[in-house]
Amino acid sequence: MRHQRPRFPLHSGMTLLELTVVILVLLSLVALLFVGVRSWKKGSDRAQSIFTIRNAQQAVRGIQNINRAEPGDTLDNGIGLRDTIFGPSTENFILTPVTGQLPPHPAPGVIYAGALNTYPPVGTLYIYSDNPDYNPTASEHATW
């Protein structure tokens, strides 16, 4: 007698265990993707915060050089250092919606400004974040 082949192979398709393993592998890859995106976002926010602090520091030094002032001197222009740096006019160094308003911080934390009319010593930041993760290190701003 001749043996007939079955119409359908006995092992067609995936077992439930194989399907579960594939789903777990995909979920693990998605979780790694989210961790990477979160790290990228934090690095991007830190860079934006440091650039804002650096630009403000360069504006302070620019105004100080224009006025031929020394660190510790006061700016007596009638509007103050903060209002000279931050504002909606093209005469301001850093554009913000309101005169004297500090730029928004990209991450949890607030940017603080130093004395309103006093030029800070070299190596001291005029504005900084209250979140130390988003501030430049001392070696990064020592010559600002």
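Modeller: Here is a walk through confidence, the first helix, the core and the side-chain pairs.

Biologist: What are the ground rules?
Modeller: This is a predicted model, so local features need pLDDT of at least 70 and side-chain atom pairs count only at pLDDT 80 or more, while totals for chains, interfaces and linings use all residues. Residues are numbered from 1 along each chain as its sequence is written, and side-chain values use heavy atoms, with hydrogens and water left out.

Biologist: What is the mean pLDDT of the protein chain?
Modeller: The mean is 84, and 92% of the residues reach 70 or more; pLDDT is the predictor's confidence in each residue, from 0 to 100. Confidence is highest in α1, at a mean of 89, and lowest in α3, at 80. Helices (H or I, at least four residues) and strands (E, at least two) are DSSP runs, numbered from the N terminus.

Biologist: How far apart are the end C-alpha atoms of α1?
Modeller: They are 75 Å apart, which agrees with the 75 Å that the 51 residues of α1 (residues 16-66) should span at 1.5 Å a residue. The expected span is 1.5 Å times one less than the number of residues. Just after α1, R68 takes a positive phi of about 50°.

Biologist: Which residues of α1 are buried?
Modeller: Among them are D45, S49, I50, I53, V60 and I63. Buried means under 20% relative accessible area, exposed over 50%, and partly exposed in between (1.4 Å probe, protein chains only). The buried residues of α1 pack against α2 (81-85), β1 (86-87), β2 (94-95), β3 (111-113), β4 (127-129) and α3 (138-141), with contact meaning heavy atoms within 4.5 Å.

Biologist: How many residues does the largest nonpolar core have?
Modeller: That core has 20 residues, and L81, I85, F86, Y119, Y126 and I127 have the most contacts inside it. Elements giving it two or more residues are α1, α2 and β3. The largest share, 6 residues, comes from α1. A nonpolar core is a set of buried Ala, Val, Leu, Ile, Met, Phe, Trp, Tyr and Cys residues joined through side-chain atoms within 4.5 Å.

Biologist: What does Y126 touch?
Modeller: Not counting residues up to four places away in sequence, Y126 touches a list including Q57, V60, L81, I85, F86 and P120.

Biologist: Switching to charges, how many salt bridges?
Modeller: The count is 3, where a salt bridge is a side-chain nitrogen of Lys or Arg within 4 Å of a carboxyl oxygen of Asp or Glu. One of them joins D45 and K41 (2.9 Å, N to O), which are 4 residues apart in helix α1 and separated by about one helical turn.

Biologist: Is D45 buried or exposed?
Modeller: D45 is buried, at 8% relative accessible area, whereas K41 is partly exposed at 41%.

Biologist: And what does K42 pair with?
Modeller: K42 forms a salt bridge with D133, the closest N and O atoms being 3.6 Å apart. K42 lies in helix α1 and D133 in the loop between β4 and α3, so the pair ties together parts that are 91 residues apart in sequence.

Biologist: Which residue does R46 meet?
Modeller: R46 meets E140 in a salt bridge (4.0 Å, N to O). That pair links helix α1 with helix α3, 94 residues apart.

Biologist: How many aromatic pairs?
Modeller: The count is 1. The rings of Y112 and Y128 have their centres 5.9 Å apart and their planes at 40°, so the pair is tilted. Rings of Phe, Tyr and Trp (its six-membered ring) pair if their centres lie within 6.5 Å; planes under 30 degrees apart count as stacked, over 60 as edge-to-face and the rest as tilted.
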